[in-house]
Amino acid sequence: MLSSTHRPLAFAAATAGRIAATPSSAAAIKLSAAASAPRLSAAPAFATSSSQALPFSTRATHSTRLTTPSPPAVRGPAFLARAGAVSPAAAAATTQRSSSSSSGAVPPAHIPIVDFGGFLTGDAEAKRRTSEELVNAFKNVGFVYLSNHGVREEQLKLVYAKSKAFFDLDLEEKMKLEWESPESNRGYVAPGREKVTQLVDPEEVKKLKQASPDLKESLEIGKEPSSTYQNRWPNHDPTFRTELMRFFDTAHGLHMEVMRSLATGLGLPSNYFDTFCDAKDHNLRLLHYPTVEKNLLDKDNQTRAGAHTDYGTVTLLFQDDRGGLQVKTKEGTWAEATPVPGTIVINAGDLLARWSNDVIRSTEHRVVSPPPSRVNGSTAVYPARYSIAFFSNPNMDSVISALPGVVPAGEQPKYPPIKTFDYLVMRLSATY
C-alpha cells in the first residue's frame, strides 16, 4: 500500500528514465504531500466596495495587460503588486530557461486581465465593452485572466482543502475509484495514466507516455444526477460529494455567463449558446502535481502536463501560487501564465474554436517546473502544485458547426459539423 503522504515523486525504473503508462504503474511512483497546503491565487474578486473586499479582491482596469517587472495599473486594492511580477533578473532567467522548456519561456505580457464585473453587474454599455475585450483576448491569445468573476473565496478554499485531503489518501484507496472509460470520464486517474498531447493516434500517444509520462494525478467529476454515468466518490469525508457538486454548480453558472459574454462580443444574441450548453455536461477535475525531484523534472521533454489544447468550450482554471503553467504564443515561444491573485485563468477550447471557424483560438499550453522566481534555488525538489480545472463543454448531443457570421463570404467552413460527444470521446480515447 503506497501512501501519498511520504517521499518526493520518483521513478522506480530510474535507470530506464521512464514508467509504464498504465494505471498499475502508479505503484512505481512515490507521491508526496510534504509540501504545505495549496496557497490560492484564484481568490474571488466580486466585492462592490473596499469595505466588503476580500483579501485578494480588486477591480482591475478592463483588459489590463500583465507586464514584468512592473505590475499592471489597477483601480481599488492593489493586489496585483503581489501578483508574482518578477524582477528583471528573474525575468531574464525565465526567458533563458531550458531545463524543462527547450524553447525558453517569456513573461506573460500578452495575456490580458479582463474585469468581468462589468458584464456581471454593469449596464448595457459595460456589458458590451467587457464582452468585446473578452472576445478580443480569445481571438489574439486564447487565454485571459478574469477578475471579479463572482466565485467566493470561502468556497474555493474549502474545495482546495477537500482536494488536498483526497490526494493525501493512500494510493490503494484512490485506486478503488479508478477512471474507467472516455465515455464516462469519471474517477481517479493515477500518475502516468493520462498523457495530454495534440497527438490523436493511440500508439503514438503510448510511445510518448512511456518516454515522458505526465507527473500528475487527478479526480474527474461529472454532473449529477445522471442516468448514464455515475461519479466515483471516496468515503473518507461525508461532505466531500456535497461540496464538490456545489462547486460544480458554481462553475457551471460562471461558464454560462462567460458564454453569454462571448455571444455578445461576437455580435450574437446574449442567450445564443444557452440551449447548446445548459445540460451541465462538463468535467470538474481536481489536480495534484506531486512534489518532484528537480533532476527528474528538469530533464529534456519532461513535464508535469504535456503540451495540449483543451477540448470543450472554455476551461476555468483555479490554480495555487506555485506557477508552472505556460501558454504557447503566436511566435511559437512559451510564456509563463504567472498566477495572479484574485483572478482565474480562462482559455478557449477546441469546440469553441471550431464553432467560431478559428476566429477564437484554442491555444496550446503545458505545465512545467515553476519559474525561478518561485523556487528556492537551494532545494532539491519542486513543491507540489494543486489546481482545479472546470472543463466546460457543450451539451453532449449538441452539433457544433460554424456560427453565423464567422465564415467569410464565398468560403466554406474549416470544419465539418461534429457532435460534442463524438469529439470528446475521440480525444479522450487517445490521451488515456
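**Salt bridges, inside and out**

R128 has a relative accessible area of 32%, which makes it partly exposed. Keep in mind that this is a predicted model. A search of the whole structure turns up 19 salt bridges, and R128 takes part in one of them, with E125. Side chains of opposite charge can pair when their charged atoms come close. Here is a friendly tour of a few such pairs.

**Within helix α3**
- The side chains of R128 and E125 form a salt bridge, with an N to O distance of 2.3 Å.
- Both residues belong to helix α3 (residues 124–140), where they sit three residues apart, or about one turn of the helix.
- E125 is partly exposed, at 38% relative accessibility.
- The pairing extends to E132: a network of salt bridges links E125, R128 and E132.

**Between strands β8 and β9**
- R285 and E220 meet through their side chains in a salt bridge of 2.7 Å, N to O.
- R285 is in strand β9 (residues 283–289) and E220 is in strand β8 (residues 217–221), so this pair ties together parts that are 65 residues apart in sequence.
- R285 is buried, with a relative accessible area of 7%, and E220 is buried too, at 1%.

**Between helices α10 and α11**
- R427 and D350 form a salt bridge in which the closest N and O atoms are 2.7 Å apart.
- Because R427 lies in helix α11 (residues 420–431) and D350 in helix α10 (residues 350–355), the pair ties together parts that are 77 residues apart in sequence.
- R427 is buried at 4% relative accessible area, and D350 is buried at 8%.

Note on methods
Residues numbered from 1 in each chain as written. Predicted model: local features only at pLDDT ≥ 70, side-chain atom pairs only at ≥ 80, totals over all residues. Heavy atoms only, no water. Salt bridge = Lys/Arg side-chain N within 4 Å of Asp/Glu carboxyl O. Helix = DSSP H or I, 4+ residues; strand = E, 2+ residues; numbered from the N terminus. Buried < 20%, exposed > 50% of the residue type's maximum accessible area, 1.4 Å probe, protein only.
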